[in-house]
Amino acid sequence: MKFTWFNLMPWPDLPDDFREKNRSVWVDIDQKLFDPVRSHEVYNTYMDLLEYAGTVGFDGIGVNEHHQNGYGIMPSPNIIAAALARRTKDVALVVLGNSIALYNPPVRVAEEFAMLDCISGGRLVAGFPVGTSMDTNYCYGQIPALTREKYQEAHDLILRAWHEREPFAFNGRYNKLRYVNIWPRPIQQPNPPIHIPGGGSVETYDFCIDNTYSYSYLSFSGYIRAKALMQGYWDRVAERNAPDASPYRAGFAQTICVAETDEEAERLYSEHVSYFYNRCLHVYPGFADAPGYRTIKTIQSGALSQYAPPKGGYTQLSWKELTEQGHVIAGSPDTVRQRMEELIKGLNVGNIFCLMHVGNMPADKCMYSTKLFAEKVMPKLRNMFPDYADDDRFWCKPLARQAVPGSLPSERDAALVATQA
Amino acid sequence: MAMQLKTVQTRHVPVQYYTGGAGQPLVFLHGAGGVTGEDPLLNKLAETHQVYAPLLPGYGPSDECPDLRDMLDFTLHSWDVVDALGLKDPVLVGHSMGGMIAAEMAATAPNDVSRLGLICPAGLWLDDHPATDIFSTLPFEMPNLLFHDVAAGRAMMTAGLAVDDPKFLQTYLVTNARQLGMAGKILFPIPERGLSERLYRIKARTALVWGDSDRIMPPVYAHEFKRRMPHCQLTSIPEAGHMVIWEKAAEVAAAIGRLG
């Protein structure tokens with residue numbers, strides 16, 4: 001199993017009447033709600049938490065990309081990952097990921113991911129999402145019906161840039177580049193492992209199967225509601241005669257809160273879970289799905305209805321409902337272990353993106369939950385898939401010998417340089 | 001007068017078109033919402049013209065055409081349709097998005113268009129008067145934006161539709177994705193693709209028609225077109241919104257008729 005500790009980086013100060021006064025947490029959220037001075041502390045606390053997770057036994061620490069979003073103040077995950085690379089060791093840096101159609105030209109992603117891989121000593125796990133319609137179409141102005149074609153071209157360009165050893169010309173529809181020749185290139189060969197966040201389209205299933213990429217479903221609605229979608233993926237894996245159905249071909253994001261007892265979990269975390277599900281997910285429906293963004297096939301398959309928010313939105317869901325329906329896995333270490341087993345077996349997923357910082361959760365509670373999960377839950381879930389224990393195709397392969405940041409010679413030694421022969 | 005739905009082959013894709021009436025040939029290019037054979041303006045125009053109203057690929061039951069991506073593709077495709085129909089210098093009329101395409105056609109081949117009708121066309125952008133973002137507008141809000149008489153407009157839009165049928169939503173989503181997905185190639189996120197720099201090339205006698213209550217393309221855009229095409233004849237129609245072609249079909253047809 002690979003456990004990645006994830007932080008969406010929500011803004012923690014959305015007001016109580018946020019939903020009443022604002023139509024959306026995303027795209028056209030009120031500028032005045034962001035306080036740059038306050039963000040100094042918020043960013044640094046969130047990065048401290050990611051670094052902390054890297055010390056307690058998680059396999060990876062994860063960041064992602066959103067734009068103009070009140071629950072994700074991370075338009076550039078690469079900036080965060082670069083800072084984490086310096087203050088962590090051993091742990092994978094899971095950037096899930098860069099919306100590659102938004103980078104102009106996309107060789108920028110090939111370069112920045114290569115830099116992250118080089119700085120971190122081969123610890124990068126790379127993610128290539130298409131990006132949500134909110135990010136891609138409404139914030140970044142991409143034409144919905146052309147977004148997937150542009151994404152595909154960006155993917156092909158990035159992979160060629162990583163693989164080729166001579167400068168080459170790339171005559172794409174969206175990118176005309178006479179000399180592609182990235183410097184640096186990644187440590188991991190032929191390229192860092194690639195995870196593709198998807199939302200149920202057959203095209204994305206096939207893309208992952210064809211390229212040996214891990215398919216990840218990043219939902220907030222939990223493992224019970226994800227069953228049909230993930231089964232669609234595994235059915236497709238079987239149908240396409242993929243050489244194996246390794247659980248590492250798939251990943252899933254799950255909100256998790258651990259305390260000593262179930263009652264304590266509710267007491268400690270319910271307000272933060274409520275903040276996230278009731279306030280942070282308040283997205284104007286007009287921004288959810290620009291016409292042309294999804295393929296006709298995907299709409300016709302009806303996959304959308306299977307993971308649409310419950311009627312009336314999340315707002316009516318209480319702690320009891322959120323935990324019972326699996327949106328949130330919360331409780332004592334034993335409760336959480338049991339439900340995680342259901343998730344892992346039920347969805348057949350080897351990569352878990354643990355959403356352990358939730359909403360406006362303060363650092364102490366987040367650390368408490370994180371530590372309990374790492375010490376009392378994670379070890380018991382380690383050996384869920386013994387048959388695939390050696391499957392390392394979807395995870396990073398760090399250098400055995402890692403550079404140690406901050407190991408310059410002393411100034412005194414440096415001064416001797418002029419006197420040495 | 002019944003319109004017939006026929007098909008003509010172009011290089012890229014079979015194109016369906018409504019046709020009917022008799023008289024001078026007239027090509028009508030529809031807006032982002034598409035067109036049907038019951039369209040009041042088409043039927044009014046057919047009293048005096050042989051009307052051809054091609055569907056943009058993906059509209060109605062017609063095939064999609066992924067090869068059409070940008071403004072030039074749309075413009076040349078529309079010329080291909082005119083050619084395939086065997087028409088020479090038809091009266092060229094477009095509504096909203098169709099007006100944008102018609103204007104581009106006339107600017108690209110100014111010697112091939114002598115009569116042009118632009119009905120609240122898209123294609124220009126004024127920072128101080130942004131056109132409505134139709135892509136993020138929720139369906140139930142559309143009548144408020146499209147019509148002067150909202151109640152009557154809503155009734156026209158939903159006539160014959162089983163909006164409460166769960167299957168309706170799925171069909172609606174597919175239709176919307178096909179049609180507005182296609183329209184988005186030239187209208188998203190801002191319905192402007194450089195037309196302002198090409199309008200000077202148009203030689204056609206031009207009728208410009210605008211509803212006074214247009215809330216999609218506010219009437220200030222009429223004046224911007226007029227400023228850039230001083231020779232055009234502006235007809236402002238009171239008590240009509242962006243769907244002036246439904247609300248005041250006779251007045252619109254009369255303005256087009258004056259082109260000769």
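**Exercise 1.** Which residues does Ser62(B) touch, not counting residues up to four places away in sequence? Then decide: is Ser62(B) buried or exposed?

*Solution.* This is a predicted model.
- Step 1: Ser62(B) sits in the loop between β4 (49-54) and α2 (71-84) of chain B.
- Step 2: List its contacts. With residues up to four places away in sequence left out, Ser62(B) touches Val15(B), Gln16(B), Leu55(B) and Pro57(B).
- Step 3: Count C-beta atoms. Ser62(B) has 22 others within 10 Å. A residue is buried at 20 or more. So Ser62(B) is buried.

**Exercise 2.** Describe how helix α2 (residues 36-53) and helix α14 (residues 363-381) of chain A pack.

*Solution.* Two packed helices are described by the angle between their axes and the distance between the axes.
- Step 1: Read both values. The angle is about 15 degrees, and the axes are 11 Å apart.
- Step 2: Classify the angle. Angles under 35 degrees count as roughly parallel. Therefore α2(A) and α14(A) are roughly parallel to each other.
- Step 3: The crossing of α2(A) and α14(A) is right-handed.
- Step 4: Name the contact residues. α2(A) supplies Thr45(A), Leu49(A), Tyr52(A) and Ala53(A), while α14(A) supplies Ala363(A), Cys366(A), Met367(A) and Thr370(A).
- Step 5: Sort them. Six are nonpolar, two are polar and none is charged.

**Exercise 3.** How many residues does each chain bring to the contact of chain A with chain B, and which helix of chain A gives the most?

*Solution.* 
- Step 1: Count by chain. Chain A brings 16 residues and chain B brings 17 residues.
- Step 2: Find the helix. Helix α10 (residues 296-300) of chain A gives the most to chain A's side, with three residues.
- Step 3: Sort chain A's side. Its residues divide into eleven nonpolar, four polar and one charged.

Terms used. Residues are numbered from 1 along each chain as its sequence is written. Chains are lettered from A and ligands numbered from 1 in the order in which they are written. This is a predicted model: local features need pLDDT of at least 70, side-chain atom pairs count only at pLDDT 80 or more; totals for chains, interfaces and linings use all residues. Two residues are in contact if their C-beta atoms, placed from the backbone, lie within 7 Å. Helices (H or I, at least four residues) and strands (E, at least two) are DSSP runs, numbered from the N terminus. Ala, Val, Leu, Ile, Met, Phe, Trp, Tyr, Cys and Pro count as nonpolar, Asp, Glu, Lys and Arg as charged, and the others, Gly among them, as polar. A residue is buried if 20 or more other C-beta atoms lie within 10 Å of its own, exposed if 12 or fewer, and partly exposed in between; C-beta atoms are placed from the backbone. Axes are lines fitted to C-alpha atoms, for helices over the stretch in contact, and angles run from 0 to 180 degrees between N-to-C directions. Angles under 35 degrees count as roughly parallel, over 145 as roughly antiparallel, 65 to 115 as roughly perpendicular and the rest as oblique. A crossing is left-handed if the near helix is turned anticlockwise from the far one by less than a right angle, and right-handed if clockwise.
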